[in-house]
Amino acid sequence: MTGPLVPFREIVLKVHSRCDLACDHCYVYEAADQSWRGRPRAVSEQVISHTARRLAEHAEKHRLPSVSVILHGGEPLLAGPGRLRRVCEELTATITPVARLDLRIHTNGVLLGPRFLDLFEEFGVQVGISLDGDRAANDRHRRYADGRSSHSQVLAAVALLRQARYRPLFLGLLCTVDIANDPLAVHDALVALDPPRIDYLLPHATWQSPPNRPDGSTSPYADWLLAVFDRWDQQGRTVPVRLFDSVLSTLRGGPSLTESLGLAPADIVVVETDGSLEQVDSLKSAYEGAAATGFSVFRDDFDAVAAHPGVRARQRGLSGVGDQCRRCPVVRSCGGGHYTHRYDADRGFDNPSVYCPDLMALVRGIEARTPIPDLPGAAQLADAGLELNRMLLARLHAALDGRGGARWARAWELATRLDGPGLDTVLADPYARSWLLATLEALDGAHPDAMARAHRLAAYTVAAAVHDGAELTLPVPWTGGRLHLPTLGELRPTAPADQGVAEVAVAGHGFTVRHAGAEHRIARPAEPGPHWRPLTRVDGLALDDLDPYRDCFESPVLPRLGPRAAGEWGRRVARARARLDRSVPHLAPTDLITTLTPLARGEGPEVGRHGPGALALPLDLADGPLAAALVRGGRRAKLRALLDVEDLYDMDGAWRHPSPWGPLPVSRLLAETYEAVALAAFDGGTAPAELGSALDALERAAELTIAGKRLVRTVRQEWEEVARAREHR
């Protein structure tokens with residue numbers, strides 16, 4: 001595998017290699033790898049100090065803001081309070097000067113008492129406890145060697161953790177699934193303990209040692225987990241369940257929340273009690289030596305382990321799973337399953353998970369149980385665009401961090417004081433997004449005109465005051481021989497100074513500009529006047545050929561049109577929109593568009609790097625092509641706005657899908673199909689069979705999230721309406 005190393009953000013430190021329980025499903029003592037027998041019982045001072053130093057070096061080298069260390073075993077509490085104190089002291093002293101340290105311990109809980117918890121409170125060690133449910137479920141596997149139950153001791157430990165003093169240390173409960181147990185009784189018993197989180201784990205198994213499956217059951221583990229999911233859902237999901245939350249996250253296009261699912265690169269390394277550096281512990285279930293790397297904290301740094309072929313194999317994402325998994329529709333959620341669970345002696349780890357049918361049924365079952373909310377309409381998308389612009393403005397203020405001086409401070413003060421409909425109007429302008437993004441990038445890149453860009457806030461503040469009829473006076477940048485006020489227009493005197501600052505005084509809904517010894521009174525900003533050109537508006541749309549940040553398209557924009565050219569273009573746009581209202585009103589192809597900008601050249605509509613609402617069109621389009629361009633552009637703008645608020649797909653580019661337009665990644669296929677259905681409603685467009693095959697391909701696409709599937713379902717319904725209309729022609 002090529003590419004940069006993935007640094008380790010999580011370290012498992014084995015502080016003791018023996019256990020006080022004899023769980024018959026343990027992957028350390030009952031699995032193929034028995035290397036524990038030859039290792040020291042407890043971690044030494046030398047291993048502790050070398051591990052701390054190696055981790056600090058690793059965090060500093062890779063500039064990691066935080067690292068997690070999980071104290072593990074065996075049973076880590078067997079190391080005793082004294083040795084655990086040395087571990088916490090050494091790790092804290094060595095690592096915290098470099099990165100934030102997140103200390104955790106995973107224990108069976110039978111020894112957990114106040115002495116340990118006081119120590120953990122001192123060092124902020126969070127505690128995860130293994131518990132398989134009620135007494136009957138827990139005693140099925142988690143017993144002492146002589147057969148005694150451990151259940152009451154674990155409940156006592158959990159009761160301590162639930163006390164107000166220790167509650168912040170409670171990390172959660174880890175439950176290994178056994179399908180012989182009653183799923184509802186298990187879940188109810190765990191929820192009754194009020195844990196901050198529950199983690200259900202599939203028992204480690206491979207194709208050599210497959211999991212128990214009752215005769216005739218194809219997915220018993222999924223059936224068990226879905227019964228728990230239904231109970232969890234009925235109870236209002238009051239306790240986070242990491243397995244379920246992970247599947248729900250990936251179905252929406254988010255990250256996996258657990259190493260056992262999803263395609264995120266593995267970033268865990270294990271330090272054994274003798275200082276050996278190993279891969280993730282669960283590999284011991286595969287074969288003797290499966291987790292070994294040959295490295296040690298005494299000789300090697302963590303980068304050496306990160307470069308190990310076995311570690312790299314678990315960092316390849318989609319390319320790291322087998323052919324069957326790569327084409328599977330649930331691979332985004334299951335990630336091919338836990339790496340260990342793919343092993344067989346003939347093909348190694350190049351197999352589906354031994355739990356493949358269960359993972360498929362689990363993901364499909366959770367998806368079927370997850371209501372898919374309606375996608376936002378045009379008004380909601382416009383509101384979301386405005387909210388995003390407001391967030392970007394707040395981010396710009398924070399990024400300036402006082403560097404904007406008195407001019408920025410004054411404009412910011414007045415803008416926040418004006419906060420209301422007028423400010424919403426100017427921040428909802430699509431080119432406000434272009435200005436905000438360009439200014440943030442200029443600041444980040446220390447561009448020399450970054451501050452000049454930032455001071456454009458004054459123009460937005462003045463425009464907001466004009467809309468509201470508020471009174472204020474503010475210096476506004478005068479650039480390129482003109483004063484531009486967003487959503488209103490521009491003042492361009494015959495012989496202006498090229499640069500400088502104009503004083504703008506707003507009174508009522510008009511304003512006065514004083515610049516270079518001249519005074520200009522604009523009493524009615526919506527009407528043209530001496531040297532004042534208002535924004536042209538036609539049929540409810542702004543024809544914006546003035547905004548300096550409208551150059552956010554691939555094709556060049558035209559300079560300011562003359563009044564006659566702007567008027568003619570506006571009339572053609574109005575005719576095209578009237579034609580669309582007659583022919584395809586149900587598709588509302590321009591319901592999100594508020595602003596049109598003329599292009600100097602180009603073949604069709606363009607949506608640029610701006611907020612929802614702007615569309616650029618070649619000036620010379622005749623009426624028919626102009627109407628079609630509005631259909632296409634309206635769909636592009638709508639899809640662009642949806643992608644601002646919804647993850648419609650993930651892993652874009654992983655596969656190419658057959659389509660009428662050639663093999664395409666899912667993003668292009670979705671965009672082309674979404675556009676083609678609207679065009680088909682307008683002018684016939686793509687042939688019915690071709691559109692049907694494109695929709696079929698989308699419905700099979702593994703990359704789509706549940707929101708993406710909802711959009712495809714909506715487009716399918718639109719297409720069926722178009723097809724019915726064609727039949728009646």
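Entry 1. I take buried to mean under 20% relative accessible area. I note also that the model I am reading is predicted.

Entry 2. I looked up helix α19, which covers residues 457–468 and has 12 residues. From its first C-alpha to its last it reaches 17 Å, close to the 16 Å expected at 1.5 Å a residue. I then asked which residues of α19 are buried. They are L457, A458, A459, Y460, T461, V462, A463, A464, A465 and V466. Because 10 of the 12 residues are buried, I record α19 as largely enclosed by the rest of the structure. Just after the helix, I found G469 with a positive phi of about 70°.

Entry 3. I turned to strand β7, residues 268–271. I268 and V270 point one way, V269 and V271 point the other way, and all are buried. I recalled that side chains in a regular strand alternate between the two faces of the sheet.

Entry 4. I traced the partners of β7. Strand β1 (residues 10–14) runs parallel to β7 and is joined to it by four bridges; V12 has V270 as its bridge partner. Strand β8 (residues 276–278) pairs with β7 in the antiparallel sense over two bridges, and here V270 stands opposite E278. Four residues lie between the strands in the hairpin of β7 and β8, where G275 takes a positive phi near 90°.

Entry 5. I searched for cavities of 30 Å³ or more and recorded seven.

Definitions and conventions. Residues numbered from 1 in each chain as written. Predicted model: local features only at pLDDT ≥ 70, side-chain atom pairs only at ≥ 80, totals over all residues. Heavy atoms only, no water. 1 Å grid on protein atoms, 1.4 Å probe; cavity = no way out; pocket = protein on both sides within 12 Å on 5 of 7 lines; lining within 4 Å. Points joined across faces, edges and corners; volume = space filled by probe spheres on them. Expected span 1.5 Å × (residues − 1). Buried < 20%, exposed > 50% of the residue type's maximum accessible area, 1.4 Å probe, protein only. Pairing = 2+ DSSP bridges.
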